[in-house]
2 protein chains.
Amino acid sequence: MDTMGRHVIAELWECNIDMLNDIERLERTFVNAALKAGAEVREVAFHKFAPFGVSGVVIISESHLTIHSFPEHGYASIDVYTCGDIIDPNVAVAYIEEHLEAKSTEKLEVPRGMGAVQMKNIKVQ
Amino acid sequence: MDTMGRHVIAELWECNIDMLNDIERLERTFVNAALKAGAEVREVAFHKFAPFGVSGVVIISESHLTIHSFPEHGYASIDVYTCGDIIDPNVAVAYIEEHLEAKSTEKLEVPRGMGAVQMKNIKVQ
């Protein structure tokens with residue numbers, strides 16, 4: 001398998017607070033985001049913290065999706081990393097943004113597995 | 001909990017090939033890397049691909065560690081993301097580099113949860 005990948009770091013603000021604290025809905029959203037992007041789901045692990053917050057990961061054949069939610073700040077810290085050039089990680093990120101009802105999003109796309117980290121190829125959106 | 005975090009993206013090249021294909025040793029190395037940095041381990045999920053490669057994640061109270069290994073290329077794609085300012089993600093990365101016997105490493109540190117993604121604060125090492 002080729003090492004080339006695309007890693008989107010997304011900072012989602014002003015999200016739906018109830019959603020950010022609902023482990024089952026977050027897990028379902030992340031699995032569906034992976035499927036929507038055309039990825040193959042391999043492992044799913046989510047964890048709820050007391051009193052607030054959820055951390056979770058979906059391992060896909062093409063790498064991973066992760067979330068760390070901070071309901072008390074309306075913030076979700078998202079990563080979607082896909083190997084290869086068939087799947088677009090931005091499809092999964094857009095699905096997550098929509099379902100978390102994020103009003104403000106910042107994104108950074110980092111090329112992976114291509115040798116030296118090239119600042120010029122890092123895209124801030 | 002404060003949203004502030006540090007996310008180190010590390011590209012490890014020329015690693016020990018046997019290690020990169022050994023799911024049990026990788027899982028142990030990642031759990032130990034988290035503990036070494038002072039993190040609290042919450043969930044561990046690793047997956048072996050046929051014929052080569054392992055993907056895995058350790059969810060910690062302070063965020064996560066992930067790996068995607070490509071033994072056929074001697075390459076491991078690593079993320080160590082820690083919330084707060086007590087734990088240094090570079091401690092875990094250094095432990096992983098040593099145990100994977102990486103001869104060449106590139107690192108990028110991205111500040112998380114601080115509002116707008118600030119290119120000036122992204123450190124390439």
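Predicted model: local features only at pLDDT ≥ 70, side-chain atom pairs only at ≥ 80, totals over all residues.

Colleague: Which residues does E97(B) touch, not counting residues up to four places away in sequence?

Modeller: L12(B), A102(B), T105(B) and K107(B), where contact means heavy atoms within 4.5 Å. E97(B) itself sits in helix α3 of chain B, residues 89–100; helices are DSSP runs of H or I with at least four residues, strands are E runs of at least two, and both are numbered from the N terminus.

Colleague: What makes P51(A) exposed?

Modeller: The relative accessible area of P51(A) is 60%, and exposed means over 50%, so the label follows. P51(A) belongs to the loop between β2 (41–48) and β3 (54–60) of chain A.

Colleague: And S63(A), is that buried or exposed?

Modeller: Buried: S63(A) has 2% relative accessibility, and the limit is under 20%, so it qualifies. S63(A) is in strand β4 of chain A, residues 63–70. Beyond its neighbours within four places in sequence, its contacts include Y81(A), C83(A) and, from the other chain, H68(B). UniProt, in an unreviewed entry, lists S63(A) for "modified residue: Pyruvic acid (Ser)"; such annotations may be inferred rather than shown by experiment, feature names are shortened, and positions use the numbering here.

Colleague: Why is the pair R112(B) and E11(A) called a salt bridge?

Modeller: Their side chains meet at 3.1 Å, N to O, and the rule wants a side-chain nitrogen of Lys or Arg within 4 Å of a carboxyl oxygen of Asp or Glu, so the pair passes. The count between chain B and chain A is four salt bridges. On the chain B side, β5(B) gives the largest share of what touches chain A, six residues.

Colleague: How much area is buried between chain B and chain A?

Modeller: About 3600 Å², with carbon and sulfur atoms giving 65%. That's the accessible area (1.4 Å probe) the two parts lose on being put together, summed over both. In contacts, 46 residues of chain B meet 46 residues of chain A.

Technical notes. Residues numbered from 1 in each chain as written. Chains lettered and ligands numbered in written order. Heavy atoms only, no water. Buried < 20%, exposed > 50% of the residue type's maximum accessible area, 1.4 Å probe, protein only.
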